[in-house]
Amino acid sequence: MASAAVFSSLRKRRSPPLEAFLAPVHVSNAVVLETICAVSIELVSSFSGSSKTTPFFQVKNSRSLIRKIQVISVLLDAFRDVGFSETASTVALCFKELYLLLHRSKILIDYVKGSSKLWLLLQNHSISGHFHDLNQEISTLFDVFPLGEIDLPEDVKEQVLLLRKHSTKSKLFTDKHDDFLRLKLYYFLNEFDSGRIPERGELHAFFIEKLGISNVESCRFEIEFLEEQIVNRDGDIEPTSSVINGFVALTRYCRFLLFMFEDEAELGRWNQNKTKKGFITEEIAGTSITIPKDFCCPFTLDLLKDPVIVSTGQTYERASISRWMQEGHLTCPKTGQMLVHTKLVPNRALRNLIMQWCTANEIPYDPPENPDYSSENSFASSPSRAAAEATKATSSLLIEQLANGTEKAKTVAAMEIRYLAKTGRKNRACIAEGGAIPLLEKLLSSSDCFAQENSITAILNLSIYDKNKGVIMGVEGCLRAIVWVLRNGLTVEARENAAATLFSLSAVHDFKKQIAEEDYAIEALASLLRNGTPRGKKDAVTALFNLSTHIENCARMIESGAITVLVEALDFEGVSEESAGALALIVRQRLGAEAVAKEEKAVAGLIGMMRCGTPRGKENAVAALLELCRSGGAAALERVVKAPAMVGLLQSLLFTGTKRARRKAASLARVFQRSENGWLHFGGLGVGYAFAGELDVNRDTMSVAISVPVV
C-alpha cells in the first residue's frame with residue numbers, strides 16, 4: 001500500500017521509495033501547479049468547514065502542518081497570477097518537490113485520521129517524528145525557493161518568510177497526554193503479563209472515557225487494524241508481533257467485558273462478511289490449496305507436523321511410523337527395504353520448509369510439542385504471557401455465556417470462539433480446557449442457523465489441535481451431532497464444515513473406524529460428494545479418502561453406497577484425483593475390489609483419469625486398476641485388458657509418468673502378460689517395461705494432497 005510505504009520511509013528518515021510516488025515527468029509546469037493547488041486546498045478544507053475531521057491523536061502536530069500548508073496555498077494562489085517565466089527553472093523544480101511534499105503530507109494526515117487509536121498510541125513517538133520530518137523538508141524547500149525571482153505581493157512574501165523561519169526553528173513535539181495514555185496501555189498489558197486481570201473500572205475509564213472506544217464495532221475495528229499490522233509489518237518496526245498480539249488479546253477481552261453479548265449488529269456483520277466472501281474456506285485456508293507432495297506423510301496423506309527420517313532415508317509422520325513399527329513391521333513402507341535400525345531422526349530442514357510454506361499460504365500449522373524442536377524459534381513461535389492470560393480471560397467470558405447466556409448471547413459467543421480458534425495452538429487448547437466443546441455440541445441442534453453454523457465451525461477450528469480431537473470424540477453424542485449437522489444442517493456452510501470436521505477427526509487412526517461406524521456418517525459424506533457445492537464435494541471426498549485408509553472400513557464403504565459415488569466422482573472436476581485415490585485404497589482388499597468391479601463405469605472412469613488426469617491422478621488411477629486386476633476377479637481383469645487405448649496409455653505413463661506411476665504401469669503390464677489373453681493384447685510391449693527396474697513388491701500409499709480448512 002502506498003501510504004504504508006511512505007509512512008515507513010518517513011519513520012526511517014529517508015525519502016519515499018519510487019513505487020510510492022514519482023515526481024511528475026513530461027508534465028507541463030501549469031499542470032503541476034494546478035495539481036498541487038488542488039491537493040493543498042483538499043488538505044486545508046479537511047480541517048475547516050462542514051467536512052472537517054479532526055484526528056483523535058496528533059492533533060497539535062496535524063494542525064501545525066495544516067497551518068503551513070495554508071501559507072503554501074496562499075503562495076500558490078498568488079503564483080497563478082504571475083505564471084512561469086522561461087528562466088524560472090529553479091521555481092519549476094521547487095514546485096515538483098512541493099508536489100511530493102504535499103502528497104506525503106496528505107498520506108500522513110489520512111493515516112492519522114484512519115488508523116486505530118491503539119496503534120496511534122503505540123506509534124506515538126514514531127508518528128511525531130514523521131511530522132517533524134515534514135517540517136524539516138518544508139524548511140529546506142523554502143531555503144532554496146527563489147522568492148526574489150518571482151514578482152509576488154509583499155504580504156505573500158512576508159508570510160512565506162515567516163513560514164521559513166518558523167519551520168527552521170520547529171522542534172520535535174510529542175504530546176505528553178498521548179504519551180501518558182500509551183504508558184497506561186502498556187500498564188494493562190504488564191498486568192496480564194504478571195498474571196493479574198485489571199479491574200473492570202480501570203478498563204472502562206481508559207477504553208471508553210479516554211479513548212472513545214465505546215461500542216462493539218469500534219472494538220472490532222481496533223482488533224482488525226492491529227491484526228493487519230502483524231501481517232504487514234516490516235521486520236524492524238516496534239513493537240514486536242508478540243507484543244501486538246498481546247494488545248489484540250487485551251482489546252478482545254475488553255470487548256466482552258465492557259459490552260453486551262446480545263449485539264444484533266455483530267450477527268449482521270458476520271452474515272454480511274460471509275455473503276461477501278463466498279466460500280468460508282477462503283477466510284484463511286481451504287482445501288483448494290494443494291499441499292506439495294513432499295510435505296505430506298505417505299501414511300496419513302496429511303501435512304507433516306512431526307517429520308522423522310527412518311534408516312532408508314524416507315520421511316514419515318512420527319506417530320504413523322511409530323505405530324507401524326509397534327505392529328511388528330521391519331520394512332520401510334514406501335521402499336520395502338529392511339530397516340537396519342528403528343531410530344527416528346527429526347527432519348528439521350523439512351519441518352522448517354513446511355512452516356515457511358504454511359506461513360506464506362496462511363495455513364495454520366500446529367506441530368506437536370516435541371523436545372527435539374523446543375530450542376528452535378521458541379520465542380518467535382510462542383505468544384507472550386500477556387496474550388495467553390488475556391485470551392484465557394476472554395475464553396472464560398465466552399464459555400460463561402455459552403453456559404448461562406441467552407440464546408442470542410450463546411450465538412455471539414460461539415461466533416467469537418470460532419474467530420478465536422482460527423489461529424494458535426494455545427488459543428485452541430485454552431478454549432477446550434475451559435469446557436467449551438460440550439457447550440458447543442449442544443448448539444449443533446439449534447434451530448438458529450447462525451448458532452448452528454458458528455458452533456460447528458468452532459468445533460472444526462478447535463479440532464485442528466490434535467489433543468482436542470480426543471476431547472471432541474470423548475464428548476458423549478458429539479460425533480452423532482456432527483453427523484446430524486452433515487445430514488440436516490440449516491446452511492450449506494454448516495454441512496460442509498461438518499464434513500471437514502469429520503476429515504479432521506479422522507486424522508487420528510483410532511477414530512477412523514469409530515466415525516465410519518457412526519450411523520449415516522458415510523452415507524451423508526457420499527450424498528455431499530454427489531450433490532454438494534465444489535467446496536462441499538472437496539470436503540466430502542477428502543473425508544472419505546481418509547476413512548478408506550482404515551482396512552476395517554471397507555465393508556461400511558460398500559454397504560453405504562460410497563463406492564458408487566466415488567466412481568461417479570471420477571468425472572467431477574476438482575475431486576477426481578481424491579476419488580481415484582480412495583478407490584485405489586478400497587480395491588486393495590478382495591471385498592472392495594469385487595465391489596468396484598461390479599461398477600460398470602469404474603474401469604472407464606479410471607482409464608479416463610489415466611488419459612486426462614493430473615500426474616497425481618494418473619498415479620492413483622493406474623494403482624487402482626492394478627489392484628482391481630489383482631483382486632477383482634477374471635471379469636474385471638478382462639474388462640481392463642480389453643479397454644481401448646490401454647496400450648498407448650501405459651506406454652505414455654512409462655515414459656512421462658512419475659516414478660510411482662511408471663512402477664505401477666510396469667506391474668500392470670506384467671499382470672496383463674500373465675493373463676490368458678494378455679499376450680494377444682500386450683505381448684509386443686513386454687520389452688518396453690524392462691527399464692522400470694524394480695518390481696512393485698510393496699503397495700505404497702495413495703498420493704493425495706489435502707488439508708483441514710480453518711474457517
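1. Overall composition. The protein contains 36 helices and 3 strands. The model under discussion is a predicted one. Of the 711 residues in the protein, 55% are buried. Among contacts with a separation of 6 or more, 74% are between residues 24 or more positions apart.

2. The sheet. The 3 strands form an open sheet in the order β2-β1-β3, and their pairing is antiparallel. Strands β2 (315-317) and β3 (345-346) are the edge strands, each pairing on one side only. Between β1 (residues 307-309) and β3, the antiparallel pairing extends over 2 bridges. One detail may be checked directly in the model: Val 308 has Pro 346 of β3 as its bridge partner. Helix α13 (residues 318-326) packs on this sheet and touches β1, β2 and β3. The direction of α13 makes about 95° with that of β2.

3. Aromatic pairs: Phe 95 and Phe 145. The structure holds 10 aromatic pairs. In one of them, the ring centres of Phe 95 and Phe 145 are 5.9 Å apart and the ring planes stand at 35°, so the pair is classed as tilted. The two residues come from distant parts of the chain, 50 residues apart. Phe 95 belongs to helix α4 (residues 89-114), whereas Phe 145 sits in the loop between α6 (124-144) and α7 (154-169). Phe 95 has a relative accessibility of 1% and therefore counts as buried. Phe 145 is also buried, with a relative accessible area of 6%. Both residues belong to one aromatic cluster, formed by Phe 79, Phe 95, Phe 142 and Phe 145.

4. Aromatic pairs: Phe 188 and Phe 206. This aromatic pair is edge-to-face, with 5.3 Å from centre to centre and 65° between the planes. Phe 188 lies in helix α8 (residues 176-193) and Phe 206 in helix α9 (residues 200-210), so the pair ties together parts 18 residues apart in sequence. Phe 188 counts as buried because its relative accessibility is 0%. Phe 206 counts as buried at 3% relative accessibility.

5. Helix α19 (residues 436-443) is mostly covered, with 6 of its 8 residues buried. The buried residues are Ala 436, Ile 437, Leu 439, Leu 440, Glu 441 and Leu 443. What covers them includes the helices α16 (385-404), α17 (407-420) and α18 (425-433). The cover also includes α20 (449-463), α21 (466-474) and α22 (478-488).

6. Thr 391 in α16. Thr 391 lies in helix α16, which is among the elements covering the buried residues of α19. Is Thr 391 buried or exposed? With a relative accessibility of 7%, Thr 391 counts as buried, because the cut-off for that class is under 20%. Leaving aside residues up to four places away in sequence, Thr 391 touches Ala 249, Leu 420, Asn 427 and Cys 430.

7. The α31 and α32 packing. Helix α31 (residues 602-612) packs against helix α32 (residues 615-631) at an angle of about 145°, and their axes are 8 Å apart. The crossing in which α31 passes α32 is left-handed. On the α31 side, the contact is made by Val 603, Leu 606, Ile 607, Met 609, Met 610 and Arg 611. On the α32 side, Gly 617, Lys 618, Ala 621, Val 622, Ala 624, Leu 625 and Leu 628 take part. Sorted by class, this contact has 10 nonpolar, 1 polar and 2 charged residues.

8. The α34 and α35 packing. Helix α34 (residues 646-656) and helix α35 (residues 659-674) pack with their axes 8 Å apart, at an angle of about 145°. The crossing of α34 and α35 is left-handed. By class, the contact of α34 with α35 has 9 nonpolar, no polar and 1 charged residues.

Note on methods. Residues numbered from 1 in each chain as written. Predicted model: local features only at pLDDT ≥ 70, side-chain atom pairs only at ≥ 80, totals over all residues. Heavy atoms only, no water. Axes fitted to C-alpha atoms, helices over the stretch in contact; angles between N-to-C directions. Helix = DSSP H or I, 4+ residues; strand = E, 2+ residues; numbered from the N terminus. Left-handed = near helix turned anticlockwise from the far one by under 90°. Contact = heavy atoms within 4.5 Å. Nonpolar A, V, L, I, M, F, W, Y, C, P; charged D, E, K, R; others polar. Buried < 20%, exposed > 50% of the residue type's maximum accessible area, 1.4 Å probe, protein only. Pairing = 2+ DSSP bridges. Phe/Tyr/Trp six-rings, centres within 6.5 Å; stacked < 30°, edge-to-face > 60°.
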